[in-house]
Amino acid sequence: GVKGQKAAPPKQNDVQKYWAGKTKHGHVNFANWPLYMDKARTPLKAFTKATGITVTYREVISEMPQWFGKIAPQLQAGQSIGYDLMVVTNGVEFTKLKELGYLVPLDHSRLPNFAKYAAEIYRKESFDPGNVFSIPYQTGLTGIAYDPAKTGREITSIQDLWDPAFKGKVGMMSDPQEIGNFGMFAIGVDPEKSTPADWKRAAARLQEQKSKGIVRKYYEQDYIDALTRGDVWLTMAWSGDIFQQNLSEKSNLKFVIPKEGATLWTDSLMIPKTAENPVDALMLMDFFYLPDTAAKLAESVNYVTPVPAAKQAIEADAAKATGADQKSLQQIAESPLVFPSDADYAKLRHYRTLTTAEEKEYNTTFQHITAG
Amino acid sequence: MTATVVEDGSRTARRARGRWSDRLLYAYTWLIIIWLCLPIAVMIAFGFNDAKGRLNLTWQGFTFKWYGQLFSVPDLTTALVNSLTIALIATVGSAVLGTLIGLALGRYRFRGQGSLNLVQFAAISAPETVMGASLLSFFVQLNIGRGYWTIVIAHIMFSLSFVAVTVRSRVLTLDPAIDEAARDLGATGWTAFRLVTLPMIFPAVLAGALLAFALSIDDFIITSFNSGSTLTFPLWIWGAQKNGLPPQVNVMGTLIFVAGVLLAVGNAVLARRRR
Amino acid sequence: MRRRLAPYALILPGGLWLAIFFVVPMVVMLSFSLMQGDVVNGFRLTWHWQNYSDGLSTYADQLIRSLVYGLLATAACIVLAYPVAYWIAFRGGARKTTYLFLILLPFFVSFVLRTFSWKFLLADDGIVLSPLKDVGLLPQDFHVIATGFAVVAGLTYNYLPFMVLPIYVALERVDPKMIEAAQDLYASPAQAFARVVFPLSLPGVFAGVLMTFVPVSADYVNSTVLGGTNNTMIGNIIQNLYLVNTDYPQAAALSFTLMAILLIGIFLYAKALGTEDVLEVATR
Amino acid sequence: MSSPVGENRPSGPRELGYDVTETKTAGAPAGTDLAAIELRGVKKTFQAHGDAVAAVRGVDVAIGEGEFFSLLGPSGCGKTTTMRMIAGFDEPTEGEVFLHGQDVVGVPPNKRDVNMVFQSYALFPHMTVLENVAFGLRRKGVAKAEVARRVGEMLEIVDLKGRERRRPRELSGGQQQRVALARALVNRPRALLLDEPLGALDLKLRQAMQVELKRIQREVGITFVYVTHDQNEALTMSDRIAVMNDGRIEQLGTPREIYERPATAFVAGFIGTSNVLSGTVARAGGGRAVIEPGPGERIVVPCDAAPGEEIELTVRPEKIDVRSDPPAGDGCALRGTVTEVVYLGMFTNYNVATSTGAEVVVFVQNVSSADDVATRGDSVWLSWDPRHSYVIGA
Amino acid sequence: MSSPVGENRPSGPRELGYDVTETKTAGAPAGTDLAAIELRGVKKTFQAHGDAVAAVRGVDVAIGEGEFFSLLGPSGCGKTTTMRMIAGFDEPTEGEVFLHGQDVVGVPPNKRDVNMVFQSYALFPHMTVLENVAFGLRRKGVAKAEVARRVGEMLEIVDLKGRERRRPRELSGGQQQRVALARALVNRPRALLLDEPLGALDLKLRQAMQVELKRIQREVGITFVYVTHDQNEALTMSDRIAVMNDGRIEQLGTPREIYERPATAFVAGFIGTSNVLSGTVARAGGGRAVIEPGPGERIVVPCDAAPGEEIELTVRPEKIDVRSDPPAGDGCALRGTVTEVVYLGMFTNYNVATSTGAEVVVFVQNVSSADDVATRGDSVWLSWDPRHSYVIGA
Ligand SMILES: Nc1ncnc2c1ncn2[C@@H]1O[C@H](COP(=O)(O)OP(=O)(O)OP(=O)(O)O)[C@@H](O)[C@H]1O
Ligand SMILES: Nc1ncnc2c1ncn2[C@@H]1O[C@H](COP(=O)(O)OP(=O)(O)OP(=O)(O)O)[C@@H](O)[C@H]1O
Ligand SMILES: NCCCCNCCCN
Ligand SMILES: [Mg+2]
Ligand SMILES: [Mg+2]
């Protein structure tokens, strides 16, 4: 049989052991999601300018389970996955990467910006307390996006996703955790506190939605394409994507946090253990915590930034800009989607942490629907 | 006599019996051809679309600019280069290995021929998903990381049998006496192969190689299992499609299409001239 | 003596390649299909035959759907391809190769790209449906994409040339004298076709079925691109189990189940057709 | 040079050993003298690549009931095309085709009461012998029992009983040939058209099948129209032969007429070996012309040429006698030197260089084996009956 | 029945018209009498599907320099296999092969000084006529200029000057045949092996090529070993013929010996047509036996049978005379009724039912055309010289 490689938790000297003798190579390969940086890659250019390190940036991640399936065999074989830095969401895949020892323990002595600028809540996230392996890239919410011209009305509730009037025009996500969460909201359960019995009920509700032909398709990142094409009229969506799509396609899509609630997730930067340029990767990680970089990023992606100081930077940018640009920059600085207030945070729910054993049951429950 | 006398007026009509069914079939054939070519036409057309945003969905005016910015999507270029070089290596590899097998199968009877035929039949008709998956299992088992060379291995594996089958059927039509004639006239085994057998089976080798090239450059399913983090043209398209394909894809698709057509037409013209 | 070794020398490199990268992997996969475990804890060979029964019960829907789609698309291919092949073979005249070439044109465009092209053409608000909706011929929520029809049509489209070619080859081999002989023996043109031409072209149809039914049934690209929530095929499942869930045992078991079903189907079909030696036809 | 319709039709027992009288009454309604097949002014032009190819340039012929009629001619002369117009696979560009008196132009092949045996047999490879033979009857809707009976009978005639379940590829060439024959004959057609049915067989089998075919034709009494380009085959089997050349019939007649009195140089050259001699008429009279190439030599020709005229005549090799001393009488006599002697078993071939300049071929039957008539280098006299000197076309 | 080595080798000018003396001295080193090709006790057994097929069961033969030697026999008798062992494509299971006195068993074909002309010609389709013909010389490393000269010469001989740049498929069957011949001959091999080189041609072309081949052989003076299953071809061309049957040589001799004195029933049946008669010896003496089937009838046979003995004898059809009245003298005389008369141009074939019960075939040369010797149903007398009655094997 094939050996399992469950790793022991890293000890303190592992960090030194790993980083000892590692040097900068002047290059870094960065794997990220689409729509997670402006088209001109402004932050990366700034990074290259500042450090001389060139960046190969690829938008190769569009769903967590897929990405994990893709890299796990390589990591297991001890081979490079072709990337030194990647953005992975909290959730079962992150847990697995961690447990299998596929991630490099971070040398915090080389992350001064993080130490200085990261918001407090991001230093003690439950999935990686103490940021042993990861530091946040952006966080965001999963809500509902829709094209008001098509739906003909405001969308406010999760239940709208079950509205037979939108038969065949509703998009749902195929990631078991994402769709599971929405199922849970639909039956009035907080995902983070759900039980296997709740999963069953939520699945039944989702199955009903599918059986009635309301769901067009279960999407990954491609929901945005479908929404723009008009294949779907309303869909589960990630907050910042809509902002960017409207910007680039001149579309008029809307994003709402449904009244039943929405989930908050964190996409973190991490270094796979087979990385060829870990030092350069670590430098880039830290670079994202410069308030200026964080501001530029927030201006273009409209996700929640882990750097509160970015707000001032954006306001400063807005002051310099004029007309429509100024207005939009001001909006961003005030947007609850970028800088949520504590009250906002209260409305948001978190992913349920699943053990490997639970994961199988959870996945089977919801994949049964998405893989119909 | 079963023949009935028909009045004289329709004499000329009788001489040339009606062919309406032919005309119907003719129209039908063209309909199918148009259907087959429609997506290609669209692909080519939207390579000239002056798309403003990220999505190349609606006609926004004519432009050549994508031809100018053909290589401005760096990954796409890499993927295309990968696809081309992999296809070339796989073509040469499978052409050589397949030709040898085709020769053996066509010219000799030997023990194990049946099993070889069976394996080849299986390799030709096994579902791609299964082949891709099993090769992946194999690499996983041996802890071999996937990448460029595992794609090459897979491509040679699945095109090999096609070349062998093509070459074999050509070898079967060869008069074995021709090889003997060469030997009779003083040629050694290798000289006879080089000067006589190879030139005669060359059209089949070429046809097999073209097929291998086409199979390789177009393969998606098996490649997707064994590519690791290496991207090929179809894989890139598959990935990129999730947030809209840039017009450069249309342009590259068009260029590959045109190159393929030219290659095939050239080959046909050459074959005709040789004949 | 050297003559007797010659064939072995010739098949050695290619044979080894097939053995190592085709036969052995199949065996490895077979062993995987009887294992238990997961990537985290590893897989062990426990002769877990349940992988097969689990696979069958969990994915029965997709399996059946794949076979149904496969059959439908294959049948559609035969019906669409036959007249074309017939026309080219018997009436193509000097332009035969040109017509065949036109039929093969789509192959010069990437399979994936072709499929996306259809998705684009038939998009809900795309260049075909949008005008019809605008003039009110179709309701606003009408769609083709994300239906079983779209998947079967896409499969048919992608594999049609694979059906035209072998049927053409078989018809081409039918001596036109056969038709004349039949007519000479009092058969009407329709009877000559039914009794002589069609039976003689069956090996071609068989080869065509072999070249379409198997890949079509195992395809997942079409259902992913053109399908909706109820069009998942077994290929998608296998691909997911392997690449997403990394549940290798289950994936392997399903792969073998699929292959076994397809091969049995082919053999039954060959039997029904009276093709004595399937291998002979197939490897010709 | 085509003969007017019917002119050469046989009107009684043939000179040939084959008695066809019985088959005539069997095949045709008594009292009528309608031809089984008649072509009147038939022409066929093909359009090929924009060119018009005249395959048949005007054929008139009437073929009697129960006759064994052969079309003989070189490749491409239009034999197959003529046949196909009778069967209905091609329609004549001009002219009419009558089957038993009825104009059949425009009638499709499946409605014509003639059947064809193809050169390549065109057996249906996916059917058994039985199914092949029964095919035509089934298409006509003949009752099952009747089909079985007639097929059984026919297989008996062609000596294929016991192979009903075989498929064509499991039969030898000769057997396949007989299946093709049975498949056509079982329908009791008015006429059977055979397009080089033995062309694909090797010599031995071919000869055996010639005898077989002739036997079967006599047995069933059906009109056979037989296409061949093999002169021996035509001579052996036919009641009458039409020699075709370039889309026209050059001569129509019995084998003997065609062999002994070829109407054109083409026919003479095509059938058997001929010696062509030429010279100036020295004396003439009484319907005879005499050429005198040298002292004691003379070639007597039954023709009306005047003295001083240059004429060309033909003699068959087997009509000539070789001897060492000058022949007596006033027959033809020619002196020469033997240049080649080839022993051919049944006969010996002598090539003799004569004083006319022409090399004359002589066939001498090897009645006595002990001694050759002459050997290479011998001086010899050739002699023959003046009746065998003929001027072509005369 | 194979002849001892060399027994039948010709030792002077042949009885045939062809003078081979010149070629003998041209082809072989003067003063030696080594056979060009000699097989001693050669056997060949193939293993096919586990069975052993004895293709050649023991052949001893010596073929002289410059000889035109034919292997004649039915399909499958081992002709090709024998040839292939001479060329080196197959090795004998037993026995030896000598080429000009040297044992060549184990020597590969490319090292043997003989060349082969294949039935299918086996021309290289992708090469021009010139390249085809030059192939062998180039392999031997002959200088360029020399190659050009010799190829040019050879193309002249086979009359293909001016077609050097054509490819095989652009040539007619006869031309292809000549290229195959030139390709082999240009290497000036010790011997040329021809395996049914005319088998693929039609009758007319075949006859023309026979003459051509014979001419070329005389011109180049090389030993030809010629395989055919066509008896006429063998008779026409050969100095000597070996008739093979079932892996053995049944008879070895000149064409005349083989035709007139077949050593076995097989040879008699295979070469030409034979009548076989049988009866009880009535009188005997002086090396003659007489059968008396009826009053006035007698069959005289030169053999030592005793009265009362049952014997079987053979007569060739062309040796028999047909007449209406009983023949004079004490030759063979037999009464019968004509059952069939077939006119065959050069001669007429009569089938006569005799009182012995056997149907006798008689060929009568058509020297006179006006009247047939007899017609169907006539009562006739058959007569022949007793020398032509022979008992097989005697
Ligand atoms: N379908 C056709 N189209 C064009 N030309 C044709 C066609 N069929 C026959 N011909 C031409 O008509 C002429 C006569 O052909 P046909 O087949 O009747 O000859 P044939 O006497 O049967 O010759 P063979 O002995 O070779 O069979 C030839 O020149 C041939 O090329
Ligand atoms: N390679 C082989 N394997 C097995 N049997 C063979 C092989 N070659 C020839 N034979 C058999 O040996 C016998 C003699 O064959 P050969 O080819 O010498 O005959 P042939 O006299 O040339 O006949 P033909 O006139 O048909 O060419 C046949 O029975 C044939 O089937
Ligand atoms: N366009 C960037 C989207 C990033 C979304 N990542 C969150 C995934 C939650 N499963
Ligand atoms: Mg013809
Ligand atoms: Mg042979």
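In the predicted model, the side chain of S75(D) places an N or O atom 2.5 Å from an oxygen atom of ligand 1. This is a polar contact (a pair of N or O atoms within 3.5 Å). A polar side-chain atom of K79(D) lies 2.8 Å from an oxygen atom of ligand 1, and for an N or O atom in the side chain of T81(D) the distance is 2.5 Å. Ligand 1 taken alone exposes 640 Å², of which the protein buries 62%; accessible areas follow the Shrake-Rupley method with a 1.4 Å probe.

The shell around ligand 1 (residues with a heavy atom within 4 Å) includes F46(D), A48(D), A55(D) and E196(D). Its largest share, 3 residues, comes from α2(D); β1 (37–48) and α2 (79–87) of chain D each supply at least two residues. Helices (H or I, at least four residues) and strands (E, at least two) are DSSP runs, numbered from the N terminus.

Around ligand 2, the residues include P74(E), K79(E) and E196(E).

| Residue | Atom | Distance |
|---|---|---|
| S75(E) | side-chain N or O | 2.5 Å |
| G76(E) | polar backbone atom | 2.7 Å |
| G78(E) | polar backbone atom | 3.0 Å |

Ligand 2 taken alone exposes 630 Å², and the protein buries 63% of that. The largest share of its shell, 3 residues, is from α2(E).

Residues are numbered from 1 along each chain as its sequence is written, and chains are lettered from A and ligands numbered from 1 in the order in which they are written. Local features need pLDDT of at least 70, side-chain atom pairs count only at pLDDT 80 or more, and totals for chains, interfaces and linings use all residues, while side-chain values use heavy atoms, with hydrogens and water left out.

Note on methods
Polar contact = N/O pair within 3.5 Å; in protein donor to acceptor, adjacent residues only side chain to side chain.
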